[in-house]
Amino acid sequence: MSKQLLDVQGLSVTFTTHQGTARVLEKVSLSLQAGEILGLVGETGCGKSVLARSILRLIPQPPGRIHEGRIMFQEKNLLKLSARAMRSVRGRCISMIFQEPLSSLNPVFTIGNQMREMARLHLGLGREAANEHCAAMLARVRLPDARGLLRKYPHELSGGQRQRVMIAMELSCGPQLLLADEPTTALDVTVQGQILQIIKEQAAQRDMAVLLITHDMGVVAQTCDRVAVMYAGVVVETATVADLFARPEHPYTQGLIAAIPGRERIQQLLTIPGTVPDLVTPPPGCRYHPRCVLRVKNCNRIEPELSTIGAQHAVACHLSAGKPQENWRRP
Amino acid sequence: MKLPGRFLMTLLLYVLRRLAYMAPVLLGVTVLAFLISHAIPGDPAQLIAGPKASRETVENIRRTHGLDQPLPAQYWRFLHGLSQGDLGVSIRSHRPVLEDIRDYLPATLELTLASLLLCLGLGIPLGILAAVKRNTVVDHLTRVFSVIGVSTPVFWLGLMLLLVFYRHLGWLPGSGRLDVTMAAPLRITGMYTVDALLAGDWQALRNAASHLLLPAFCLSYVYLAIITRIVRSSMIAVLGQDYIVTARANGLSEARVVLKHAFKNSLIPTVTIVGLSFGELMGGAILTETIFSWPGMGKYVVDSVNYLDFPAIMGFTLMVSLAYVCVNLAVDVLYAAINPTIRY
């Protein structure tokens with residue numbers, strides 16, 4: 001196995017709220033290799049976006065605070081970098097695209113203005129060269145009339161076009177890692193497919209790693225190499241896509257997969273009962289135990305560690321620890 | 001900023017259209033001003049002639065100023081004169097109203113514009129600072145500064161400024177537009193600071209500016225405070241937007257994020273307030289002019305109203321409305337330049 005591009009170890013993040021201190025990320029560990037697409041799935045509010053923003057150190061502090069852990073990127077701990085050094089990582093080495101392509105582009109500047117600004121900053125290009133470069137980038141994400149597009153404002157574009165512009169902009173400085181925070185959630189299904197295709201293509205061409213945040217298991221199956229499942233600020237399972245769908249280990253993952261609307265289950269959509277816990281006072285032990293149908297007596301006392309159960313397959317569940325896989329059944 | 005030619009063309013058409021709309025607005029203003037000023041009880045002819053004048057003298061004055069004619073005829077006469085650029089002769093000063101305006105309006109305009117400049121030049125940076133340093137000492141200090149601003153009566157503020165900076169410290173002059181020993185710069189706009197600047201007369205510029213500072217601050221303080229608060233709150237709203245996160249995620253420096261990406265967006269609500277403030281500043285100038293013996297139109301208009309000097313009232317009302325309409329046109333044009341979703 002080649003060296004890790006990104007290696008997050010034991011990252012804990014809290015947010016101070018009126019109700020108290022919310023433990024939004026709890027000892028999260030993740031790693032990504034060059035060229036790999038890792039899907040990060042979980043319900044709304046489970047800390048997926050906070051994780052992505054923490055990697056770029058973009059969480060507002062206060063109220064947010066990164067407590068412990070390391071974020072190693074190309075052998076450097078991002079949490080130890082100076083503000084200046086961090087700025088040269090942002091956009092240049094690690095880029096990010098967001099869910100809402102309209103609100104993530106500045107409405108009062110042209111596409112060209114925003115794209116050029118970045119290219120000039122990171123690549124040191126002159127105005128004309130930057131223009132050339134940006135037009136070429138737009139063409140690569142299959143946007144016709146790139147030159148004309150540079151003179152347009154975000155509101156003059158459709159949602160899919162805007163998201164492509166975002167991708168073109170974020171890829172323009174040749175990052176090694178792209179953080180994609182639900183890039184297709186706000187788009188039509190047809191456009192969604194195109195955007196994922198573009199992300200996949202670009203990752204392959206540039207040997208770029210992608211952290212694809214989504215709550216859509218379909219998107220994961222279609223796009224990713226590996227998956228990390230998050231629940232209430234904790235990574236509960238990581239596996240290759242094939243492994244995860246074939247042998248989901250954690251009861252939460254099993255629930256997520258069972259809840260995918262499919263042709264054979266059209267008559268009744270399965271759901272996971274209950275809601276995401278309050279992170280100010282998370283449940284003791286395993287954070288999933290109040291909703292878990294398989295819980296045993298240790299679940300509400302001891303927090304399970306993420307432990308390896310196979311090649312590239314790790315899970316944080318008492319049921320799986322040290323047990324052969326045949327011994328349990330899906331509910 | 002490079003604007004496409006197509007945009008400039010549509011903008012020009014828009015400005016022309018707006019200038020055409022201006023005519024009915026100003027006509028409406030004259031009708032209203034005319035009716036209201038004639039509804040004030042009193043006889044201007046009697047006022048001019050004095051209490052001991054004979055009947056004939058009063059009748060004579062009435063006839064020479066056309067006050068004996070019915071109202072529609074008087075209005076028609078006014079309009080007829082206006083169409084030839086003649087605003088009539090002041091009943092009180094016996095000079096053409098246009099000449100009076102020429103003498104007094106530039107002083108008021110200078111004061112108003114200087115106040116507006118102070119509002120923007122201080123209000124915008126203070127607002128940005130307060131938003132960026134939200135909930136810190138800086139923010140609290142600007143809040144105190146603003147609250148004092150909106151809650152201090154102008155007459156009291158003016159007196160206090162005079163007491164401190166003129167009487168006790170002696171840093172700034174307390175009245176007039178120039179030292180009496182000083183000759184006014186060559187008249188181009190009638191605004192001394194601007195004229196001195198155009199003539200390159202630095203000594204006159206210094207002198208005129210030092211005279212202007214206290215009254216301009218006194219007049220601007222309320223709006224300065226309001227603009228500071230508006231800029232702060234719109235800046236805070238903008239800084240929470242997704243595109244600010246994008247800008248930061250793209251590696252831009254904090255200064256660039258705030259001053260380029262956030263600032264232009266936060267200007268949209270600010271510009272509206274600035275347009276409205278201008279009218280208020282012009283109206284508010286009267287009080288400030290009185291406190292600082294500023295020879296502007298404030299006192300002239302008050303005297304004209306007391307004397308029922310109809311041509312003067314009409315002339316000044318027209319000029320102030322014209323200035324107000326022009327400023328608001330400028331505001332609308334600025335809108336289009338700032339906010340690309342607005343196209344005319």
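A salt bridge is a side-chain nitrogen of Lys or Arg lying within 4 Å of a carboxyl oxygen of Asp or Glu. The legends below describe a predicted model, in which local features need pLDDT of at least 70, side-chain atom pairs count only at pLDDT 80 or more, and totals for chains, interfaces and linings use all residues. Residues are numbered from 1 along each chain as its sequence is written, chains are lettered from A and ligands numbered from 1 in the order in which they are written, and side-chain values use heavy atoms, with hydrogens and water left out.

**View 1. A salt bridge between Arg177(B) and Glu110(B).** The side chains of these two residues meet at 2.9 Å, N to O. The pair links distant parts of the chain, 67 residues apart: Arg177(B) belongs to the loop between α7 (154-168) and α8 (192-199), while Glu110(B) belongs to helix α5 (residues 97-132). Helices (H or I, at least four residues) and strands (E, at least two) are DSSP runs, numbered from the N terminus. Arg177(B) counts as buried at 6% relative accessibility, and Glu110(B) is buried as well, with a relative accessible area of 4%. Here buried means under 20% relative accessible area, exposed over 50%, and partly exposed in between (1.4 Å probe, protein chains only).

**View 2. A salt bridge between Glu99(B) and Arg95(B).** The closest N and O atoms of this pair are 3.8 Å apart. Glu99(B) is partly exposed, with a relative accessible area of 39%. Arg95(B) is also partly exposed, its relative accessible area being 28%.

**View 3. Glu26(A) and Arg23(A) in a salt-bridge network.** Between Glu26(A) and Arg23(A), the closest N and O atoms of the salt bridge are 2.7 Å apart. Glu26(A) counts as buried at 8% relative accessibility, whereas Arg23(A) is partly exposed at 32%. Salt bridges that share partners join Arg23(A), Glu26(A), Lys27(A) and Arg287(A) into one network. Over all chains, a search of the whole structure finds 21 salt bridges. Side chains of opposite charge can pair when their charged atoms come close.

View 4. At 11% relative accessibility, Arg226(A) counts as buried. With neighbours within four places in sequence left aside, the contacts of Arg226(A) include Ser31(A), Leu32(A), Glu36(A), Ala239(A), Thr240(A) and Gln312(A). Contact means heavy atoms within 4.5 Å.

**View 5. Positive phi values at Ala232(A) and Leu308(B).** Most residues other than glycine have a negative phi. Ala232(A) has a phi near 50 degrees, a positive value. This alanine lies in the loop between β9 and β10 (234-240) of chain A, and at 1% relative accessibility Ala232(A) counts as buried. In chain B, Leu308(B) has a positive phi near 55 degrees. Leu308(B) is found in the loop between α12 (297-306) and α13 (310-338), and counts as buried at 2% relative accessibility.

**View 6. Ser320(A) in the segment after β12 of chain A.** Strand β12 covers residues 313-315, and Ser320(A) lies in the segment that follows. Ser320(A) is buried, with a relative accessible area of 4%. Beyond neighbours within four places in sequence, Ser320(A) is in contact with Glu249(A), Ile309(A) and Val315(A). The C-alpha atoms of Ser320(A) and Pro304(A) are separated by 9.8 Å, the two residues being 16 apart along the chain.

**View 7. A nonpolar surface patch on chain B.** Met9(B), Leu12(B), Leu13(B), Leu16(B) and Leu19(B) form this patch, with about 490 Å² of accessible area together. Patches are made of residues with over 30% relative accessible area and no salt bridge; like charges are joined within 9 Å, and nonpolar side chains (Val, Leu, Ile, Met, Phe, Trp, Tyr) within 5 Å. Accessible areas come from the Shrake-Rupley method with a 1.4 Å probe, and for residues only the protein chains shown count as cover. Leu16(B) is found in helix α1 (residues 5-39) and is partly exposed, with a relative accessible area of 49%.

**View 8. The setting in chain B as a whole.** Chain B has 13 helices and zero strands. Its C-alpha trace spans about 85 × 55 × 40 Å along the principal axes. Buried residues make up 46% of the 344 residues in chain B.
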